[in-house]
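Q: Hey, can you walk me through this one? I'm new to reading structures.

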Amino acid sequence: MTPGKGSAGTGSAPSAVPDRDSPAHGAAVSERALRTLSPAECFGLLELGGIGRVGFAAADGIMMLPVNFVVTGKAIIFRTAPDTLLALYAAGPVSFEVDYLDQALREGWSVLVHGHAHKITDEREVKRLEDRAHLQPWAGGARDVYVRITPTRISGRCIEPGWASAPARAAEA
């Protein structure tokens, strides 16, 4: 979803599967393996920026809305317009999810953040974000409300090739 940044479906991520060693020469792919990502791997993937989804409880129920984002420090930053649901509910618990999927290779990853969102109102901090983060919303119109998600919990998983066991490889030889 994010050009050049590695979110879902672009095929442009540096690696669909983070921090994997290459299989031994001649290894055969047998199936896909689901692996849990460490918090450091999760933050490394988030630092690519891109498109994510913010989940929050609104008056009409649970909402999931896409945003483009950047990471500064260990916080997720996005912009929205003052008259949006994201601005209205930007002070409370949220979930935030980012994915990368390569359907052709059947590989990918997903990172889920639980945290607290709040509007950034300090003018100096907003100016610093404008100067350094270069966060340009995709949607048109004035998107001058900056929102920070401070993570309280982060988790992730990736799907990667499962390699045939040594006895199976020996039998193939």
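Q: Among contacts between residues at least 6 apart in sequence, what share join residues at least 24 apart?
A: In the protein chain it's 71%, where a contact means heavy atoms within 4.5 Å. Keep in mind that this is a predicted model: local features need pLDDT of at least 70, side-chain atom pairs count only at pLDDT 80 or more, and totals for chains, interfaces and linings use all residues. Residues are numbered from 1 along each chain as its sequence is written, and side-chain values use heavy atoms, with hydrogens and water left out.

Q: Ok, how many helices and strands are there?
A: Four helices and seven strands. Those are DSSP runs numbered from the N terminus: H or I with at least four residues for helices, E with at least two for strands. Along the sequence the pattern goes β-α-β-β-β-α-β-β-α-β-α.

Q: Let's zoom in on β4. Is it mostly covered or uncovered?
A: Mostly covered: β4 spans residues 75-80, and six of its six residues are buried. Buried means under 20% relative accessible area, exposed over 50%, partly exposed in between (1.4 Å probe, protein chains only).

Q: Which residues sit on each side?
A: Ala75, Ile77 and Arg79 are on one side, with Ile76, Phe78 and Thr80 on the other.

Q: And which way does β4 pair with β3?
A: Antiparallel, over four bridges, with β3 covering residues 61-72. Strands pair if DSSP finds at least two bridges between them. Thr72 has Ala75 as its bridge partner in β4.

Q: What's between the two strands of that hairpin?
A: Two residues, and Gly73 takes a positive phi near 60 degrees.
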